[in-house]
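Subject: Structure handover

Hi,

Here is the structure for you to look over. My notes come after it.

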Amino acid sequence: YQGGIALKGKPLNVAQASINDVLGNQELADIMASVGLTIGQPIDPEKMRYSKIIFLADSDVDGGHINTLLTNFFFTFWPELFVQGRMQFAKAPLFEVHTDKETIFVETPGQMEELKKKKDIKIKEINRNKGLGEMSPEAWKYVLSRDEFTKITADDIKACKDMLEVCFGKDTNLRKDLLLDEETLQKEEKQKKKSK
C-alpha cells in the first residue's frame, strides 16, 4: 500500500533555517503529518504510517537537488531512519523504448546506448521523458510497482552529519573546497598572489 505527497518547488534547506522556520514550513509540515513524524520525538514505528519513505523527483539536476534537500531534512531530525534502511529514492525512467515486442524503461543515457547496441531488439520508437509530468501511465506503474528502491544508507552518522554541513551549511568555503579540485585551488592561490 502506498501514499504519495506532491511537493511544490524545492524544500527548505533546514541546515540554514531556524526550528521555527522548519515548523512553520507548510511543505515540511505536510510531510511530517503524512508520514507520522514529529520533530524532537523519537521514531515510534507504531505511529509511522508507512514503513519506507521514498523520494521520486525528475531525473535532472533540480530533481537531484530536491532529493538531497529532503535527505538533509530527514537526516537532521531522524538519522535512525537511514540506519534502519527506511529511506530510499526511486529513479524515474528517462526513456520509454517501444520495441516490436514490449516497452522497455531505461533510466540513464548510458543504458540507452547499451540497449541500442543489442542486435536482438528492434526499436520502433524512443520517447524521452523530461520530467515526471511526461511519463506515461505504464512508466508510472513500472516505477511504483517495485518492492525495493535505492536505499540511502548511513554507516557513519558523524561523517554523514559533517558532509551535510559541508553541502548545506552556512560556510560556503567548505562547499568550494569540496567542488574545486586541488589544481584549481592552486591556480586561484597563484592569481591571488599575483594581484597583490
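Below are the findings on the cores, the sheet and a surface patch.

One caution before the details: this is a predicted model.

Cores. The largest nonpolar core has 28 residues. Leu37, Ile53, Phe73, Phe74, Trp78 and Leu81 have the most contacts inside it. At least two residues of this core come from each of helix 2 (26-35), strand 1 (53-57), helix 3 (61-77), helix 4 (80-83) and helix 7 (157-168). Helix 3 gives the most, with 6 residues.

Neighbours within four places in sequence aside, Leu81 is in contact with Leu37, Ile43, Met48, Ile53, Phe74, Arg86 and Met87. There is also a second, separate core, with 8 residues. Ala90, Ala92, Phe105 and Met135 are among them.

Strand 1 and strand 2 (residues 87-91) run parallel, joined by 5 bridges. Within that pair, Ile54 stands opposite Gln88 in strand 2.

Surface. Met163, Leu178 and Leu179 make up a nonpolar patch. Together they have about 320 Å² of accessible area. Leu178 sits in helix 8 (residues 172-179). Why does Leu178 count as partly exposed? Because its relative accessibility is 45%, and partly exposed covers the range between under 20% for buried and over 50% for exposed.

Best wishes

Note on methods: Residues are numbered from 1 along each chain as its sequence is written. This is a predicted model: local features need pLDDT of at least 70, side-chain atom pairs count only at pLDDT 80 or more; totals for chains, interfaces and linings use all residues. Side-chain values use heavy atoms; hydrogens and water are left out. Patches are made of residues with over 30% relative accessible area and no salt bridge: like charges are joined within 9 Å, nonpolar side chains (Val, Leu, Ile, Met, Phe, Trp, Tyr) within 5 Å. Accessible areas come from the Shrake-Rupley method with a 1.4 Å probe; for residues, only the protein chains shown count as cover. A salt bridge is a side-chain nitrogen of Lys or Arg within 4 Å of a carboxyl oxygen of Asp or Glu. Helices (H or I, at least four residues) and strands (E, at least two) are DSSP runs, numbered from the N terminus. Buried means under 20% relative accessible area, exposed over 50%, partly exposed in between (1.4 Å probe, protein chains only). A nonpolar core is a set of buried Ala, Val, Leu, Ile, Met, Phe, Trp, Tyr and Cys residues joined through side-chain atoms within 4.5 Å. Contact means heavy atoms within 4.5 Å. Two strands pair if DSSP finds at least two bridges between them.
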